[in-house]
Every structure is written in C-alpha cells, then in structure tokens.
Amino acid sequence: MPAPRPATEPGVEDLHATISEWFAASARELPWRSAERTPWGVFVSEIMLQQTPVVRVLPVWEEWLARWPTPSDLAGEPAGEAVRHWGRLGYPRRALRLHAAASAMVDRHEGAVPADYDTLLTLPGVGSYTAAAVAAFAFGARETVVDTNIRRVHARLLGGKALPAPALTAAEMRRASLLLPDDDALSVRWNAGVMELGAMVCTARSPRCEACPVLESCAWVAAGRPEPDYIPKGQAWAGTDRQVRGAILAVLREAEGCVGPELLLNAPVDLAHPPGNRSITALDGLHRLRAPAEQLERSLAGLLADGLAEETGEGIRLPQ
C-alpha cells in the first residue's frame with residue numbers, strides 16, 4: 001500500500017532531488033525501463049530479477065518477451081514451456097508462478113496486468129515487494145518499494161550501519177514510507193534511483209563511495225565506515241540439492257519427450273554419446289556430478305512435488 005504523505009523532514013527534499021538527478025544522468029539503459037516498456041514486461045522483469053543479477057536476466061527476459069509479448073501468449077502455452085525457457089536463471093518455481101499469474105490475468109483481468117497494489121497482490125506468487133514495484137514502475141503509482149539494494153542505501157545513508165538487518169523489519173518499512181516523496185512521479189524516480197544507487201555504487205562488498213552523489217550526507221561514512229554487525233552467509237551451490245535439481249531440469253528442458261527415471265537416477269556405464277543430442281549432453285552433465293543415489297532420488301522427488309516435473313507412464317517430463 002502507498003505510504004502516508006507526511007511533512008517532509010529537513011534535508012530529505014535535497015536527497016530526493018540529488019538522487020533523482022543522479023539517476024536521470026547515470027542509470028543503466030534497461031528494456032524494462034524504456035519508454036516502450038509494457039506493464040507485462042515490467043512484471044516479468046520483477047519476477048526474474050528476484051535474487052538474480054541483471055546480466056543474467058537480460059537475455060532470458062528478451063527471449064521471453066519475444067516469445068510471449070502478452071500474458072495471454074504465455075497462458076496459452078503449457079506451464080512446462082515456461083520452465084523450459086527459464087534457462088539457468090535459478091529458482092525455477094518462479095517460472096511456474098509467472099505462468100500461473102499470466103493465467104490469472106487472462107481469467108480475471110481480460111489478459112491485462114492489474115494496475116493497483118491490492119489487485120496485484122491477489123495474483124499467484126506476488127508478494128508485497130512485487131506488487132509495489134509493478135504498481136510503481138509499470139503504472140507510476142506512489143508505492144513504498146523496498147528491496148535489498150534500497151535497504152542497504154537507507155541503512156548506510158540514514159542509519160550509519162554497514163548493512164541492514166538480516167531480515168526486513170517494520171522499522172525499515174516505516175523509514176522507507178517516511179522517505180517517500182509526496183509527488184507521485186518523483187516517488188517513482190526516488191524508488192528507482194535509490195535501487196540503482198544500491199546496485200551500482202552503494203554495493204554490499206565494495207561500495208564506490210567516491211562516486212556517490214550523496215556522500216556528504218552519508219551517516220555511515222561520517223561514522224568512519226564501521227564494520228557490519230554480522231557476516232552475511234553466502235548460499236552454497238556445488239554439491240547441493242539445488243545443483244542436482246538444476247541438472248535434472250536441464251535434462252528435462254532439452255529432452256523432446258519423456259525421460260525414463262532410470263536415466264536420471266542411474267549413470268550409464270559409458271558417458272560418451274553421439275554428438276548433437278542436447279538431451280544426452282545434459283544427461284552427461286547430470287551424472288558427471290557424481291551425486292549419491294539418495295540425493296538424485298530426493299532431488300527428483302522434490303521437482304515432482306513442486307510441480308516442476310511430472311511423471312507419466314512413459315517417464316518424467318516438464319509439466320503440461
């Protein structure tokens with residue numbers, strides 16, 4: 001929901017102007033920010049960008065919008081096609097949520113992306129951040145948008161902390177609401193500008209303070225750049241179930257039909273296969289992980305339980 005419209009605190013208007021001007025001059029040119037963007041393009045970008053860097057999202061986003069330029073186009077395909085063309089973005093359940101959201105737009109909203117926060121929240125897989133971001137960036141609504149980058153800028157600029165709390169707090173949301181400009185158009189530029197500042201300058205590990213447009217106002221810099229109160233934990237990949245699940249999905253994405261479960265769970269004696277067969281190449285990649293049998297079984301069961309794969313009498317395939 002939009003923030004209240006409080007009286008502006010001293011100095012905040014200067015921050016609004018400075019970051020908005022910096023964003024206008026320095027922002028990356030991204031297709032979901034262009035004048036030709038569509039609400040659907042913004043919606044897809046917000047789902048894809050969750051926990052995934054722009055450089056990985058761009059080619060997949062472009063392929064998706066070329067293949068499915070409207071929600072109706074995606075909803076008209078099996079859910080498995082969304083998973084197939086998700087590629088290696090990670091967290092592939094997002095592909096299923098995008099397909100479900102597109103189907104809901106067709107069923108309930110005449111094939112259009114809803115424009116307001118409350119209605120966006122009713123779509124499958126859409127939480128408060130995504131609803132606020134789509135309402136703001138696709139429709140120009142005044143909404144409090146708070147992602148990891150915005151939290152970090154707020155923590156340093158105003159809180160004097162190296163990093164925000166490990167999880168989003170009510171106090172952070174109140175601060176973000178109070179900082180939101182009263183003017184609708186300026187609020188959108190502010191949200192986008194602070195997010196870009198966090199992504200490109202006020203980064204988590206190596207902030208480029210010398211390039212910051214609000215360096216002189218930064219409470220963290222004024223405090224001597226104190227160290228974080230905690231060490232963020234990175235997410236392991238090699239050897240995890242996530243890696244194995246991804247390798248199984250790669251086989252299913254590239255296969256033309258069903259894949260026998262025995263091929264997924266048991267490595268062939270000879271891993272050399274005829275060239276040019278993409279499904280066999282992916283199968284090689286799966287079994288070269290040398291995952292234990294119980295991990296292969298657990299990972300496949302998880303994919304089936306999550307709806308990312310389905311089992312038929314002929315084998316395992318992407319959902320239809």
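Start at the second largest cavity, which holds about 50 Å³ of space. The model on screen is predicted.

**Second largest cavity**

Select T144, V145, V146, I150, H154, A176, L180, W190, N191 and V194, the residues that line the second largest cavity. Two elements, α9 and α11 (184-200), each give two or more residues to this lining. Colour α11 separately: the largest share, three residues, comes from α11. Sorted by class, the lining of the second largest cavity has seven nonpolar and three polar residues, and no charged ones.

**Largest cavity**

The space in the largest cavity is about 100 Å³. To centre the view, pick R156, C202, C209, C212 and C218, which are the closest to its centre among the 15 lining residues. What classes make up this lining? The residues of the lining of the largest cavity divide into 13 nonpolar and two charged, with no polar residue. In total, the model has three cavities of 30 Å³ or more.

A171 is found in helix α10, which covers residues 170-179. Its relative accessibility is 42%, so A171 counts as partly exposed.

**Aromatic pairs**

Next, clear the selection and show the aromatic side chains. The model has four aromatic pairs. Begin with W32 and W61: their ring centres are 5.4 Å apart and their planes stand at 70 degrees, above the 60-degree cut-off, so the pair is edge-to-face. Where do W32 and W61 lie? W32 is in the loop between α1 (12-26) and α2 (39-48), while W61 is in helix α3 (residues 54-67), so the pair ties together parts that are 29 residues apart in sequence. Both W32 and W61 are buried.

Now select W64 and W68. This aromatic pair is edge-to-face too, with 4.8 Å from centre to centre and 85 degrees between the planes. W64 and W68 are both buried.

**Charges over rings**

Stay with W68 and show R67. R67 lies over the face of W68, at 5.8 Å from the ring centre. For another case, go to Y91 and R242. The charged end of R242 sits over the ring of Y91, 4.6 Å from the centre of that ring.

**Second largest pocket**

The last stop is the second largest pocket, with a volume of about 310 Å³. Which residues are the closest to its centre? Select R88, A250, R253, E254 and A282, which hold that place among the 16 residues that line the second largest pocket. Then show α13 (241-254) and α15 (278-287), each of which supplies at least two residues of the lining. Of the elements here, α13 gives the most, with six residues. By class, the lining of the second largest pocket has seven nonpolar, four polar and five charged residues.

Key: Residues numbered from 1 in each chain as written. Predicted model: local features only at pLDDT ≥ 70, side-chain atom pairs only at ≥ 80, totals over all residues. Heavy atoms only, no water. Helix = DSSP H or I, 4+ residues; strand = E, 2+ residues; numbered from the N terminus. Buried < 20%, exposed > 50% of the residue type's maximum accessible area, 1.4 Å probe, protein only. Phe/Tyr/Trp six-rings, centres within 6.5 Å; stacked < 30°, edge-to-face > 60°. Lys NZ or Arg CZ within 6 Å of the ring centre and 35° of its normal. 1 Å grid on protein atoms, 1.4 Å probe; cavity = no way out; pocket = protein on both sides within 12 Å on 5 of 7 lines; lining within 4 Å. Points joined across faces, edges and corners; volume = space filled by probe spheres on them. Nonpolar A, V, L, I, M, F, W, Y, C, P; charged D, E, K, R; others polar.
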